[in-house]
Amino acid sequence: MTDSVRIRELAEVNPSVPEFDAASDSTHVTFVPLEAVWPAGRLDLSRSRPKSEVATGYVRFREGDVLVPKVTPTFQAARSALAVNVPTGIGAASTEVHTVRVRPGNDPRYVMYGFHTEPFLAEGVTAFQGVAGLQRVPDLFLRNFRIRRRALDEQRRVADFLDDQVARIDEVIRLREEQLSLLGKRRRGTVDAAFAASESMKPTRIKNLLAARPRYGVLVPKYVDGGVPYIRVGDLPSLGTPGLDLPTITPGQSLEFSRTQIRGGEVLLGVVGKMGTAAVAPSSLAGANVARAVAVLSCLNAEDAPLLSAWFGSTHFMDQATLATSGDSVQPTLGMGDLAAFSVCWPRDPSQAVRKLGSTLERISALCNEVRCQIELLQERKRSLITAAVTGEFDVASASGRGVA
C-alpha cells in the first residue's frame, strides 16, 4: 500500500490497563463476552462484574480501546468495535478478542474502520493459527498490518464520512431484518394453523413418529482438517446450500458417536439455547455427524420428516420446550426423553399436509432468501465503501458532497 504504516506505529495491541490494576476487588467493571461485540454502536456494554470475578481469565480494556474478535467465524464477520461511553471506564472482555489502543495524534475510529476493510479480513484469514473450527488471528498480524498513513485531520475526515454512510446503510439493513422478523412470524402462524386440532388431525406423541429415540451428538469435538463434516446448530438453516463449508472432526470421534452419523432424511433440531431451529438432513451430507446441541430424529415414515421439521417452528413446540427447560439454571437444554414425550396434532393424511403446507412455506422461504440476499449485498456494499475510503481509492471530500450510500 502506497505511503502506509503498520498498526503498531499508530496503536498498541493488547496493552496493559493500569486503571484496572489500581481498582479494588469489589469495584464493578464493565463485562463484555464475545457475543456482545458488535460494531456501529451495537457494542453491548450493559453488563458488569466485580473486579475479583474477572481479574483472571479475561482481557482488560478501557474507554477508547478497539475490541477486535480474533476467533473464526466472528473475525470474518467484521465485528471490531470501538468501546465508547464505557459505564465504568474500564472493563474485562472475552479472551477471544484483541484490544487495540490508539496512540495520541490518531483517531481510534479510523483505526477501527481499518479492521473492517477487505484486505484486513482477507489477510487475517491467511494468518489464522490452530485447527479448523478453533482458528484465531495472532496479535502479531494486527501489529504488522499496514494501513494508509494519514494526518489526524484526514483520519477524522474519513471517519466522519464513514460514520455517516455506514449509519445510512445500517438503517436499511435494519429495515430488511425487520422484514425477516415479520416473515418469521408469518411462517409460525402458517405452521400453527396447519397443526391446529381438527377432524383431519390426530393427537399423538413425537416418539410415535420415530424409528428410534432422539439422540444428541459429539460432546467435545476434536477438530481436524479433512475429517468428517460436523454440523452445528448455526449450520442448520444453510444445510441445503451448495458448497456449505462445515468444520470437520476426526473419523475416530465420529465413529465413537456413530449413533448420530447422518444417512440423509433425518430431522436435525437445535436443543441447547435457542430452540426451534430444525432442518431435514440432505443425502449429500451422508456420513456427517452433529454437535451436542443438535438432536437427530429418524422418522418411521420418510414423508413425515419435512412435516416434523416444520412443526418444530410452531408455537405448540416452543411452549412445551420452554416448560421442559424452565428449571435450567444456565443454558436451556432440552432432554431427549422430554422431547420424545412432546404431544402433537398430526395429520391423518401426511402426504396431503406436506403438499399444502410445503407450497406455502416454500413461498415464505423464497421471500426470506430474497431479503437475506439483499442484506448480504448491503453488507458487501458497506465493506467495499469502508475499504475504498480507508485505502484512498476515492476522495472522501468529493464523495461526501454527492453521497454514495
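Predicted model: local features only at pLDDT ≥ 70, side-chain atom pairs only at ≥ 80, totals over all residues.
# Reading burial, charge and strand pairing

User: Thanks! What does "partly exposed" stand for?

Analyst: Buried means under 20% relative accessible area, exposed means over 50%, and partly exposed is in between, with a 1.4 Å probe and protein chains only. The areas come from the Shrake-Rupley method with that 1.4 Å probe, and for residues only the protein chains shown count as cover. In this chain, buried residues make up 45% of the 405 residues. The C-alpha trace spans about 75 × 50 × 40 Å along its principal axes.

User: How many helices and strands does the chain have, and which residues of helix α9 are buried?

Analyst: The chain has 13 helices and 19 strands. Both are DSSP runs numbered from the N terminus: helices are H or I with at least four residues, strands are E with at least two. Helix α9 covers residues 304-311, and seven of its eight residues are buried, so the helix is largely enclosed by the rest of the structure. The buried ones are D304, A305, L307, L308, S309, A310 and W311.

User: Back to E380. Which residues form the negative surface patch with E380?

Analyst: The patch consists of E118, E376, E380 and E393. Patch residues have over 30% relative accessible area and no salt bridge; like charges are joined within 9 Å, and nonpolar side chains (Val, Leu, Ile, Met, Phe, Trp, Tyr) within 5 Å. Asp and Glu count as negative, Lys and Arg as positive, while His and the chain ends are not counted. The charge is placed at NZ of Lys, CZ of Arg, CG of Asp or CD of Glu.

User: Where do these glutamates sit in the chain?

Analyst: E380 is in helix α12. E393 is in the loop between α12 (350-391) and α13 (396-402), and it counts as exposed because its relative accessibility is 59%. E118 is 262 residues from E380 along the chain, yet their C-alpha atoms are separated by 9.6 Å.

User: How do I read a salt bridge, and how many does the structure hold?

Analyst: Side chains of opposite charge can pair when their charged atoms come close. Here the rule is a side-chain nitrogen of Lys or Arg within 4 Å of a carboxyl oxygen of Asp or Glu. The structure holds 16 salt bridges. One of them joins D44 and R47, at 3.1 Å from N to O; D44 is partly exposed at 26% relative accessibility, and R47 is partly exposed at 27%. There is also a network of salt bridges linking D107, R109, D160 and D163.

User: What about salt bridges inside a helix?

Analyst: An α-helix has 3.6 residues a turn, so residues three or four places apart point the same way. Helix α6 (residues 139-144) holds D139 and R143, four residues apart, about one turn of the helix. Their closest N and O atoms are 2.9 Å apart in a salt bridge. In helix α7 (residues 152-194), E178 and R174 are likewise about one helical turn apart because four residues separate them, and their closest N and O atoms are 2.4 Å apart. E178 is partly exposed with a relative accessible area of 40%, and R174 with 35%.

User: Now the strands. Which strands does β3 pair with?

Analyst: Strands of a sheet pair through backbone hydrogen bonds, either parallel or antiparallel. Two strands count as paired if DSSP finds at least two bridges between them. Strand β3 (residues 28-32) runs antiparallel to β4 (residues 48-50), with three bridges, and V29 has R49 as its bridge partner in β4. Three bridges also join β3 to β8 (residues 90-93), in parallel, where T30 is partnered by G91. Four of the five residues of β3 are buried, leaving the strand mostly covered.

User: In what order do the strands of the open sheet with β13 lie?

Analyst: The order is β14-β13-β17, with mixed pairing among the three strands. The edges are β14 (248-249) and β17 (289-290), each pairing on one side only. Strand β13 (residues 223-231) is joined to β17 by two bridges and they run parallel; Y230 stands opposite N289 in β17.

Technical notes:
Residues numbered from 1 in each chain as written. Heavy atoms only, no water.
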